[in-house]
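Subject: Structure for you to look at

Hello,

Here is the structure I promised to hand over. Please open it first, then read my notes below.

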Amino acid sequence: MAPFGLNWPMFLVWIVAVPGMILLSWILPETKWWERIVAKYFDWKE
Amino acid sequence: MITEATEMNWFNIGATVLYMLILVVIGLAMNKKVKSRDDYWVGGRQIGPVVTAMSYCAAYYSTVMVIGGPSMIYRYGICYMMPNMLGATFTTGILIFLILALKMRVVAGRTGSVSLPGFLAVRYESKIIGLISAILIAILMIPYGVSVLKGIADGFTVLGGVPYETGVIVIAIVAALYLVSSGYWGIAWTDLIQGILISLGMVVLTVYVVSSAGGVTHMMNKITAEFPEKVASPPGTFNNIFQCLSICWVWQLIAFGQPQLVTKFLGLKDPRTIKTIVRVSVPWIAIFLMCSGLIGMGGLYFYGGNVANPDRISPALAFASGSLLLQALFLIAAVAAGLSTLVALVLTSSAAVTRDIYEDYYCSKKESAPDGKKSIGLSRVVTVVVLLVMMYLALHPWDFVWEMSTLAAGTMGAGFAAPIMVGLYWKKATKKGAIWAVITGVLVDVLWYVADLSDLVHPFLPGMIVSFITIYIVSLVTQPVSKETISMFFDKDYSRDTKKIPASEVILQG
């Protein structure tokens with residue numbers, strides 16, 4: 001049994017869903033990959 | 001055993017009335033900002049990122065989610081809660097802004113579009129697709145709005161002891177007051193307060209539920225012992241994994257084709273602030289869904305597995321706390337969630353009639369330029385008429401109003417997701433491809449529902465898939481749009497000073 005009375009798969013999803021997504025929301029828009037996509041359509045740093 | 005208010009609770013009613021008065025005052029104060037049609041419909045594209053993020057979240061997470069979210073988790077358990085949290089935070093918190101909102105706002109700045117039908121009409125150089133979309137939106141927003149209105153009035157009944165009819169009428173009047181006076185300006189700023197209060201109400205109720213149950217671990221251990229199927233991994237309580245994921249993720253995918261959400265993106269002041277929107281929305285959505293899940297689990301813990309109407313669980317838990325403050329806060333959260341969605345639906349429906357049917361189609365056909373003041377006046381009249389229709393239907397609700405709202409939202413998602421996304425990212429998408437994508441998406445969604453196949457997967461999913469396939473195939477064999485339009489949508493160096501053409505003035509082919 002994982003913490004909070006959850007089974008392990010669901011506990012891992014919870015850990016990914018909440019802090020993982022918050023982290024992703026900070027990291028993803030800063031990546032070169034993302035800026036390349038954006039830069040195709042308008043000047044991001046204008 | 002679920003208990004509810006049996007007589008008028010004056011503390012709850014007083015707190016909610018005070019809250020609604022504040023909303024009306026904000027709406028009236030914002031009235032001076034409405035000087036043009038764009039101000040009324042998209043806040044003159046001057047809305048900042050934090051307000052936009054809250055407005056989006058408050059519009060997306062309506063009473064249906066505040067009341068219905070815990071209800072879904074009560075019914076399906078953890079195998080609904082976890083995939084839903086994962087999908088919602090990623091899809092509606094990150095992906096929708098990075099791949100849809102950003103480009104849509106950039107292009108809308110170039111084309112002058114203030115609504116989804118106007119946007120589609122310019123992208124596909126077709127008045128017909130604008131007209132079809134506007135009619136669909138004007139019609140489908142009605143059952144959606146009715147279900148929201150009904151949800152708020154039900155909350156009033158359970159927590160305030162207010163007669164259902166009184167609740168419906170009061171909410172409709174409040175919505176009309178601030179919507180008519182200041183349009184999207186009023187919506188955006190009231191949504192900021194509503195978004196904060198929704199999360200606050202959910203958090204406070206969750207803290208009460210979890211602490212009363214002796215902590216998350218104790219609560220989950222008891223549920224595991226008594227209802228092991230509710231804590232199983234997917235598909236868990238579902239028939240199969242496809243049904244599980246389609247039900248868990250359907251609302252997230254539907255968001256990509258929701259006109260009332262798209263309007264929020266068009267009102268954003270600076271597209272470069274999209275990062276801020278993502279960083280505000282994701283924690284908000286994650287907290288909201290986590291609270292929603294724990295409240296649903298609290299329902300299982302406190303009331304067992306045989307509650308006849310699970311939609312009553314969250315109001316009943318708030319009522320059971322015995323705390324007037326908690327009850328008032330939850331009631332305000334439910335009202336806030338409902339009102340923010342309701343006004344977004346009404347404004348979108350009103351814009352579809354005024355801007356897309358009257359201005360872009362009727363006036364342009366008569367070759368007469370639409371008058372700005374007349375358009376705002378007409379918008380206000382249409383807003384009141386739409387609210388009156390919703391109020392009448394909410395006062396005489398048919399049995400399947402909740403089903404109708406899900407069907408309406410799903411139908412819009414199925415019809416619009418493909419033309420929007422493909423139009424933004426594929427140069428070869430054509431007018432005929434888009435028109436047929438809307439038609440087939442809507443038809444498949446409705447037919448799937450009528451054929452009673454919803455138990456397999458939600459009707460939205462096959463509708464959306466067919467719509468994407470249709471736009472691809474038809475576009476390959478039909479004439480592409482002009483180079484000018486392609487440049488407007490795909491050219492990095494497109495100069496909006498020299499080439500900006502307002503949507504209503506673009507010479508469109510029928």
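Searching the whole structure gives 8 salt bridges over all chains. Keep in mind that this is a predicted model. I start with the pairs inside chain B, then go to the interface.

**Salt bridges within chain B**

Begin with R355(B) and D38(B). They form a salt bridge, and their closest N and O atoms are 3.8 Å apart. R355(B) sits in helix α14 of chain B (residues 324-365), while D38(B) sits in helix α2 of chain B (residues 37-42), so the pair ties together parts 317 residues apart in sequence. D38(B) has 28%, which lies between 20% and 50%, so it counts as partly exposed.

This pair belongs to a network. Salt bridges link R37(B), D38(B), R355(B) and E359(B). Worth a look on your screen.

Next, K150(B) and D154(B). Their side chains meet in a salt bridge at 3.5 Å, N to O. Both residues lie in helix α7 of chain B (residues 127-160). They are 4 residues apart, about one turn of the helix. K150(B) is buried, with 15% relative accessibility. D154(B) is buried too, because its relative accessible area of 19% is under 20%.

Then there is D270(B) with R272(B). The closest N and O atoms of this salt bridge are 3.3 Å apart. D270(B) counts as partly exposed, at 23% relative accessibility. R272(B) also counts as partly exposed, at 28%.

The general point behind these pairs is simple. Side chains of opposite charge can pair when their charged atoms come close.

**A buried glutamine**

One more residue in chain B is worth a stop. Q260(B) is found in helix α11 of chain B, which spans residues 259-266. Its relative accessible area is 2%, so Q260(B) is buried. What does Q260(B) contact, leaving aside its neighbours within four places in sequence? The partners are M141(B), Y144(B), A344(B), L345(B) and T348(B).

**The interface of chain A and chain B**

Now the contact between the chains. It takes 30 residues from chain A and 39 residues from chain B. About 3,100 Å² is buried between chain A and chain B. Of that area, 74% is on carbon and sulfur atoms.

How many salt bridges cross the interface of chain A and chain B? The rule finds 2. One salt bridge joins the side chains of K275(B) and E30(A), at 3.4 Å from N to O. As for polar contacts, 6 residue pairs are counted between chain A and chain B, with both residues at pLDDT 80 or more.

Which elements give two or more residues to the side of chain A that touches chain B? They are α1 (8-27) and α2 (32-39) of chain A. Of these, α1(A) gives the most, with 12 residues. By class, this side of chain A has 22 nonpolar, 3 polar and 5 charged residues.

That is what I have found so far. Tell me what you make of it.

Best wishes

Technical notes: Residues are numbered from 1 along each chain as its sequence is written. Chains are lettered from A and ligands numbered from 1 in the order in which they are written. This is a predicted model: local features need pLDDT of at least 70, side-chain atom pairs count only at pLDDT 80 or more; totals for chains, interfaces and linings use all residues. Side-chain values use heavy atoms; hydrogens and water are left out. Contact means heavy atoms within 4.5 Å. Buried area is the accessible area (1.4 Å probe) that two parts lose on being put together, summed over both. A salt bridge is a side-chain nitrogen of Lys or Arg within 4 Å of a carboxyl oxygen of Asp or Glu. A polar contact is a pair of N or O atoms within 3.5 Å; within protein, one must be able to donate a hydrogen and the other to accept it, and residues adjacent in sequence count only if both atoms are side-chain atoms. Ala, Val, Leu, Ile, Met, Phe, Trp, Tyr, Cys and Pro count as nonpolar, Asp, Glu, Lys and Arg as charged, and the others, Gly among them, as polar. Buried means under 20% relative accessible area, exposed over 50%, partly exposed in between (1.4 Å probe, protein chains only).
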